[in-house]
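Subject: Structure handover

Hello,

Here is the structure for you to look at. My notes on what was found in it follow below.

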Amino acid sequence: MTASPTDSRTAQRPTALWGVSLASLGVFLVSWALCWMNAYVVNDDLPNTCGDLRRRSFPPEVACASADGTLTGANAGWLVALFFASLVVSLLLTSMTLALAAVRRK
C-alpha cells in the first residue's frame, strides 16, 4: 500500500509543537512577571533599608544580603528554575517547529 500525499489543509494547520511552544512561552512570561513584581512591587522599599543590596536583571531580582549569609527578598528557587526552563523549552520547540515547517515546504 502506498502512502497518500499529505492534504494541503492538514499541512498548514498548527501542530502540537506550536501549542506546547506557546504554552511554555506563556509560562515564561508569567514567571518573568512574578519575578518583576517580587523585585519592584513587593520589595520596593528594600533599597532604603538594606546595607548590602544585590540586584539582578535577568530574571529581575532585588535582594538584601545579611551578615549571616541569608537573602531577604530573593526570588524563590522554583520560580527561577521555572523561568529558565520555560525559556529554554520555548526557544527549542519554536526552532524545531520552524525547522519542521521549512522542511515540509520543500
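Helices (H or I, at least four residues) and strands (E, at least two) are DSSP runs, numbered from the N terminus. The model is predicted, so local features need pLDDT of at least 70 and side-chain atom pairs count only at pLDDT 80 or more, while totals for chains, interfaces and linings use all residues. Residues are numbered from 1 along each chain as its sequence is written, and side-chain values use heavy atoms, with hydrogens and water left out.

The protein chain has four helices and three strands. From the N terminus on, these elements run α-α-α-β-β-β-α.

Start with Ser31, which is found in helix α2 (residues 16–42). Is Ser31 buried or exposed? Ser31 is buried, because its relative accessible area is 1%, and buried means under 20% (exposed is over 50%, partly exposed in between; 1.4 Å probe, protein chains only). Apart from neighbours within four places in sequence, Ser31 is in contact with Leu79, Leu82, Phe83 and Ser86; contact means heavy atoms within 4.5 Å.

In the protein chain, buried residues make up 25% of the 106 residues. The largest nonpolar core has five residues: Ala39, Leu46, Cys50, Val62 and Cys64. Such a core is a set of buried Ala, Val, Leu, Ile, Met, Phe, Trp, Tyr and Cys residues joined through side-chain atoms within 4.5 Å. Leaving aside neighbours within four places in sequence, the contacts of Val62 include Ala39, Leu46, Pro47 and Thr72.

Regards
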